[in-house]
Amino acid sequence: MSAVAREQGSIDETLAFLREARIPHQAGELLGYATDGSFLTLGVPTLVVFPKDEAECAALVDHAVRHGIALVPRGTGSGTAGAATAPPGSVLVDLERLGACDARGHRRGLFAPIVVDARGTPADLAKAGPDDELYVRVGAGRTSDETNRALAGHGWTVAVVPSSGYSTFGGNFATNARGSGTPAFGPFGNAVNRLRIVATTREGARVLEVTDREEVRRLAGHHGLCGLVTELDVRIAPIPKPEDMVCALLSIESEDAGHLGATIGGLMKRVAAECRYFAGEFLFIDEGIVRPDDPIRKDPVLGGTFVLPAGRRRMILLYRGRKEGMEALPRIAAEFPEVAYREITFPQFRALMAVRTAATGKALRRVNVPGAEDFIIYDPARFGDVLSRMFAAVEGASGRPVGHHYPDGIEVHYRPQAAVTRADIEAAWAMIQKLREAVLRTELTVEDRKEHGLGLALFRDGSPSRHEELRRLKAEYDPANVFCPHLLLPEIEGRFIGSSFRV
Amino acid sequence: MEALAPPAGAPDEALRILAQEGCIQCNKCTMNCPVHRVDVTFSPRKTILQAYLGGSDALSERDLWACLTCGECQAVCATEVPFPAFIRAKREALRSVRERTAPCKHGGYKEILAKIMAKPNLNQDRRGWIGDGLQVADAGDVIYFTGCMPYLDGVFTYTDTARIGKAAIKVMNAAGIVPMVSNAERCCGHDALWNGDRETFETLARRNVEWIRASGAKRLVTTCAECYSMLKYEYPKVVGDLNVEVVHMTQLIQELVAAGKLAFTKPVDLTVTYQDPCRLGRHSKEYDAPRAVLRAIPGVKLVEMDRIRENSMCCGVGAYANCDAQTKFLQQERLEEAASKAENLVTACPHCRIHFSCYLDGQPVDPLPDLKIIDVTDLAAQALG
C-alpha cells in the first residue's frame, strides 16, 4: 500500500517538482474536484495535475514512486461510478490534455489523426476500402467527438462511441465503456489494438507499449489501477453510405409499462437472434424530454413522436445497421401488431439519438442524480417485469429510463430528477436506493453491470475473479502501488455529494 | 486564493441562476470551453460544483474574469445550465469587493466611455463620420443605432470601423430608407452589464430608451451584435417595451432582398468564411440572416468553417473583460481555421472584427496566410451597383 501525500513536506516537494517540470497544476481550493459524474465523493484531493504528454506523465509517476504519493487518473471525469474521485492526500491526474495539445500545451479543437492498420503501419484513408481494419493512433486525452469531426470528411467514424462522445479515449478504456457500435464491435477495449502506458517499477516509472491484443483486453477496464495510458490505436469503421444503411424507428405505446416491456422484450429477443446492427437504442417519451421550443417537435416526420396522449407511455426503439444485416427487422416488427415500424434517414436517426443521449441528463429545472446507471437484463423476456417494478418504484418522480439493446441483454440507464435543492436531491438519492432494491434481483436476471465502470464499487460489486485479475494486473504493472490504491480496499465507499450542496 | 465576499445580506442571485437548471457534472461544458483549451485550470464544471458546495464567493479572480461569456458551454450542455448568466451575476455581486486587475483592456477605455455616456446633458456629434453622399435624417421610421462605432476608430487605429456605418447607410439609402442617426444615442451598455456594472447599464438603457421612444420610429437597426442583444433582449427586462422593432442589419438586408427592394448587381468575387458572433449567434439565435446575405451577393463563395453556428468559436474577447496572452492563442486557432477555408473572414459584429484585426495587426503566434477581416454589411455595400 502506497502512502499518500498527507504530510506537508511531500506536498511541498511535489509542488516544487511540478513547478520545476513546468507541469500545470492546481493546489489550494479544490472543491470543484470533489466529485466526477457520479455525485460520489471521497473528499477533496490535495493537488490536481494536468500533464500534456508521455514525458510529463513519466516524470510525474517517477516522482510519485520515489515519494510514495498516490495518483488517481481521470479522463474528463464524466464517469458515473466514482472511479475518478480522489481521496484527500492523493493527487488527481487529469489526463484530458494527454496527446491533445500542441507544443505550447494548448489543446487544439481540430486535429488530423494518424491512421494505421492492424500492424501499426500508416494507412491512407483516401485509399481505404470498407473492409479494411483500420485504427486511429490518438492521445489518451482525445475524444471520439473530436476524432469523428476529423474523420467525417473521409466517411469514417470511431467504431465504439460511448454515449458521451466527449469522454476521453483513455477514460473509455479505463472503464471498458460500451455504447454505439458495441453490438458490432463489443466493448471499447475490444476496439483497441495497441496502447502505451506509463507504469511503475519499485524504483520509478517505466513506459510500456502493449501490442498483444489479449493483453490489451486484459487491461481494458483497469480503472486506473495499472498506470497512465498515454496513447491508443482505436478501431474506426466506415460510415455506410445512405443507400447501404437502414435506420429504423419502432414505436409502441400503452398505459401499462409491463406490457410495453414484455412486448419490446419479445421483439428484442428476435432481433438479437436474426439481425446484425451497429446500434440498438431505446427511450421513453415524456413531456419534458425535449423543450417546448425544440425544433424537433416541428419536424414533419419525427414531431409526432413527442405528442403523447394523457396517461399513456410511449417507448421508441432505434436500430441502425447495414441493409444486409437488417433484412429481417420489418418482418419481425410486423409480428408485433402494436409496434409501429418506419424507416428513417440517418440525419433523423441522429436527431433522435441526440434526444436519447441527452435524455439521461436532460431535465427542465432539474438536476439528474446518477446511481442507477447500468442495469443489464440478460433475459429480454423479463423486461416487462423489470419495467413494471421500475415504474412502480419511481412512481410520482420525474426521470425516464433509456438504454441500449445489446446482443447479450438490455441495458437500462435511469436517473431520477430533482429540483436543485438539497432536500430534493437527497430524496432522489433515497429513491435510487429503493429502485435498486426493487430491480437488482437474480430472478429478474438483472445485474448492475456498471458499463460506465465499477469505480468505487469495484470491491463491492466486482466479481471475485475480476478482483483477482485486477490484483494480478496491478502487481505486474504497478508494483509500487501508486495508482488508485484506495480502489482495492474493501472499506472504501463514496459519500453522496448531494448532501453537501448548499442550494 | 483571495476570498471575495459579497455585500452582507445580498441575496445570492448568481446561485439562484445556477440552480435553475441542474448541472450533472458531465464536463461537456469544459471540454468545449475555448478558455479551457488554453488554460486547463479554468473549468465551468469545476466552478459550478464549487458554487453548489457553497464556494462561489471564493471564486478566484481568474475564474471570475477569464470566462468569455461566449455561451459555448451552455450550447452543448444537456441541461442548458446558464453558466454565462451565472458569471455575469457573480461579477455583479462581487463588484463592490473585488480587486480586479485588467491590464489589457486598452486602459479601461470602453469602461470609461460607458461611464461618460451615462452622464446627463451630454453634447455629442454622432454624425461627423458619415461624410458626403449618404443620407441620414433627424427623424423617421427607421433608427440606425450606430453603437460605439464613432468612438472606436480613435483607439483601434487598425480598423476603419466607421466604414461599417457608412456601408449600412449606403445599403439603406439604396433601398429607399433614410435612417435617423441621433446625437442623443448613448452606449448600449453591453460591456457594463457583462462586467457586473448594472448601475451603469441601467442608466444607459434608460437614457437610450428615452429618445428612442420619443422618436416615434417603428424600427431600430444596428450593425453591432452586442447592441442588438442588449436592445432586443436586455433592455425590455429593465425598461419595458421600447416601442420599436429591433433588427440586426443582416436581418434587414435579408428582408429587403427578399422583398425585391434591394438588389446586389455588382459581383464581389471573393471566397469567404463566416464567423458567428457570440452575441448574434448563441445569444440571439440568429445564424441564418448573415448567411442569407452572403449567398445573395453575386460572386461571393461561402465556405463554412468546421465549427459554426452553435459550435462556433468565439473571437477570443468578451466585453473587453479579458485579453491576454492566452487570448492570442485562441485567436490564432480560430484564424488558422478560417484561413484553411478562405482568404476572407466575414463577421457581423464590429467587435469580432476589431479583436481579430487587433491580433493580425500585432505579432501572430505563428505565421498565418493573408486573411482579411470584413464586416458583412461592408460586403453588401460593395455589391451595390
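Visitor: How many residues of domain 1 of chain A are in contact with domain 2 of chain A, and how many of domain 2?

Guide: Two residues are in contact if their C-beta atoms, placed from the backbone, lie within 7 Å. In this structure, 28 residues of domain 1 of chain A meet 31 residues of domain 2 of chain A in this way. Three elements of chain A give two or more residues each to the domain 1 side: α2 (54-67), β4 (71-74) and α13 (464-477). The largest share, seven residues, comes from α2(A). By class, the domain 1 side holds 18 nonpolar, four polar and six charged residues. Here Ala, Val, Leu, Ile, Met, Phe, Trp, Tyr, Cys and Pro count as nonpolar, Asp, Glu, Lys and Arg as charged, and the others, Gly among them, as polar. Helices (H or I, at least four residues) and strands (E, at least two) are DSSP runs, numbered from the N terminus.

The model is predicted: local features need pLDDT of at least 70 and side-chain atom pairs count only at pLDDT 80 or more, whereas totals for chains, interfaces and linings use all residues. Residues are numbered from 1 along each chain as its sequence is written, while chains are lettered from A and ligands numbered from 1 in the order in which they are written.

Visitor: Into which domains is chain A divided?

Guide: Domain bounds come from an automatic or database domain assignment. Chain A has domain 1 (8-96 + 466-500), domain 2 (114-238) and domain 3 (242-448). The centres of domain 1 and domain 2 of chain A, taken over C-alpha atoms, are 22 Å apart.

Visitor: Is A:Gly224 buried or exposed?

Guide: A residue is buried if 20 or more other C-beta atoms lie within 10 Å of its own, exposed if 12 or fewer, and partly exposed in between, with C-beta atoms placed from the backbone. A:Gly224 is buried, because 26 other C-beta atoms lie within 10 Å. The residue sits in the loop between α6 (213-219) and β11 (228-238) of chain A. Leaving aside residues up to four places away in sequence, A:Gly224 touches A:Val72, A:Pro73, A:Ala83, A:Ala174, A:Phe483 and A:Cys484. By contrast, A:Ala184, in helix α5 (residues 182-185) of chain A, is partly exposed, with 18 other C-beta atoms within 10 Å.

Visitor: Which residues touch the most other members of the largest nonpolar core?

Guide: A nonpolar core is a set of buried Ala, Val, Leu, Ile, Met, Phe, Trp, Tyr and Cys residues joined through C-beta atoms within 7 Å. The largest one has 266 residues, and those touching the most other members are A:Val61, A:Leu71, A:Val234, A:Ile236, B:Ile143, B:Tyr144 and B:Ala380. Helix α7 (residues 257-274) of chain A gives the most to this core, seven residues. Beyond four places in sequence, A:Ile236 has contacts that include A:Leu134, A:Trp156 and A:Ala159.

Visitor: Which residues of β13(A) point one way, and which the other way?

Guide: In a regular strand the side chains alternate between the two faces of the sheet. From β13(A), A:Ala279, A:Glu281, A:Leu283 and A:Ile285 point one way, A:Gly280, A:Phe282 and A:Phe284 the other way, and all are buried. With seven of its seven residues buried, strand β13 (residues 279-285) of chain A is therefore largely enclosed by the rest of the structure.

Visitor: With which strand does β13(A) pair over seven bridges, and in what sense?

Guide: Two strands pair if DSSP finds at least two bridges between them. The partner over seven bridges is strand β14 (residues 313-322) of chain A, in the antiparallel sense; there, A:Phe284 has A:Met315 as its bridge partner. Strand β18 (residues 401-406) of chain A also runs antiparallel to β13(A), joined by three bridges, and A:Glu281 is bridged to A:His404 in β18(A).

Visitor: What order do the four strands of the open sheet in chain B have?

Guide: The order is β5-β4-β6-β7, with parallel pairing. The edge strands, which pair on one side only, are β5 (300-302) and β7 (372-375) of chain B. Strand β6 (residues 344-347) of chain B pairs with β7(B) over four bridges, and B:Val346 has B:Ile374 as its bridge partner in β7(B). Helix α17 (residues 350-361) of chain B lies across β4 (270-275), β6 and β7 of chain B, at about 165 degrees to β7(B). Axes are lines fitted to C-alpha atoms, for helices over the stretch in contact, and angles run from 0 to 180 degrees between N-to-C directions.

Visitor: How many residues of chain B are in contact with chain A?

Guide: On the chain B side there are 34 residues, in contact with 39 residues of chain A.
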